Amino acid sequence: MSDIILIMLLIAATVYDCTTDKIPNQLVLIGMILGMINSVVTLQIKGILLSIGSVVAVVLGLFLLFVIKGLGAGDIKLLAMTSAFLHKEVITIIILSFLFGGVLSIIKLIKKTVSNSQICLAFGLAKQAFLIRGIPSQVIQTIQTREKEATGIHFAGAILLAAICFYIQKGINH
């Protein structure tokens, strides 16, 4: 049952991520609480310790990726929520997420045309020119948003695909 709950939470997070570019903190908090409750029910006091420990480990382990803007805070919180359910097995989800994220990025790049690449280059050059000339930060923020739209992916989708594959593989082995 916990697998269905986690997949439903990840579906909701992916929908939010794709429509708003944000993953709501309330969704993540509810997911963490449900994961910890599940851990207590299945493993008693050891379960809560495993959940808390894995959440902290994921956040600390992925923090550097947040600092260098490799992952968004919402993506890290989503992986931490997943670890509340899966404990150390979240490592498999993280690895698969990066693999799926890479595939999604390649697909997005292939779908882009040369003209879009030229637009991205123009945005980059314009951003540099604006920084030098002191153009308002709102203009720069708009340019950064356009750059993200051109090159970024919704990593929640990669996490969802990883979890689905994880549960399919786990079901086959049991």
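**Overall fold**

Display the whole chain as a cartoon. This is a predicted model. The chain contains seven helices and zero strands, and the order read along the sequence is α-α-α-α-α-α-α. If the 174 residues of the protein chain are coloured by accessibility, buried residues account for 32% of them.

**The aromatic pair in helix α2**

Select F63 and F66. These two residues answer the opening question: because they are three residues apart in helix α2, about one helical turn separates them. The structure has three aromatic pairs in total. In the pair formed by F63 and F66, the ring centres are 6.1 Å apart and the planes meet at 40°, so the pair is classed as tilted. F63 is partly exposed, because its relative accessibility is 46%. F66 is also given as partly exposed, with a relative accessibility of 36%.

**The aromatic pair F166 and Y167**

Next, select F166 and Y167, which form an edge-to-face aromatic pair. Their centres are 5.3 Å apart, with 70° between the planes. F166 has a relative accessibility of 5% and therefore counts as buried. Y167 is buried as well, its relative accessible area being 15%.

Which residues lie nearest the centre of the second largest pocket? Select S2, F85, L86, Y167 and K170, which hold that position among the 13 residues of the lining. Four elements may now be coloured separately: α1 (2-20), α2, α3 (73-86) and α7 (155-173) each give two or more residues to the lining of the second largest pocket. The largest share of that lining, four residues, is contributed by α2.

**The salt bridge at K170**

How many salt bridges does the structure hold? There is one, and K170 forms it with E89. The closest N and O atoms of the two residues are 4.0 Å apart. The pair links distant parts of the chain, with K170 in helix α7 and E89 in the loop between α3 and α4 (90-111), 81 residues apart. Both partners may then be shown with their surface. K170 is partly exposed, because its relative accessibility is 28%. E89 is likewise described as partly exposed, with a relative accessible area of 32%.

**G53 and H87**

Select the C-alpha atoms of G53 and H87. The two residues are 34 residues apart along the chain, and their C-alpha atoms are separated by 8.0 Å. G53 belongs to helix α2. With a relative accessibility of 38%, G53 counts as partly exposed.

D21 is not a glycine, yet its phi is positive, at about 60°. Its side chain may be displayed together with the surface: D21 is partly exposed, because its relative accessible area is 41%.

Continue to Q44, found in helix α2. Q44 is another residue that is not a glycine but has a positive phi, here about 55°. Is Q44 buried or exposed? Q44 is exposed, because its relative accessible area is 55% and the cut-off for that class is over 50%.

With a relative accessibility of 44%, I33 counts as partly exposed.

Notes
Residues are numbered from 1 along each chain as its sequence is written. This is a predicted model: local features need pLDDT of at least 70, side-chain atom pairs count only at pLDDT 80 or more; totals for chains, interfaces and linings use all residues. Side-chain values use heavy atoms; hydrogens and water are left out. Buried means under 20% relative accessible area, exposed over 50%, partly exposed in between (1.4 Å probe, protein chains only). Rings of Phe, Tyr and Trp (its six-membered ring) pair if their centres lie within 6.5 Å; planes under 30 degrees apart count as stacked, over 60 as edge-to-face and the rest as tilted. On a 1 Å grid over the protein atoms alone, a cavity is a set of points where a 1.4 Å probe fits but cannot get out, and a pocket is an open set with protein on both sides within 12 Å along at least five of seven lines; lining residues have an atom within 4 Å of a point. A salt bridge is a side-chain nitrogen of Lys or Arg within 4 Å of a carboxyl oxygen of Asp or Glu.
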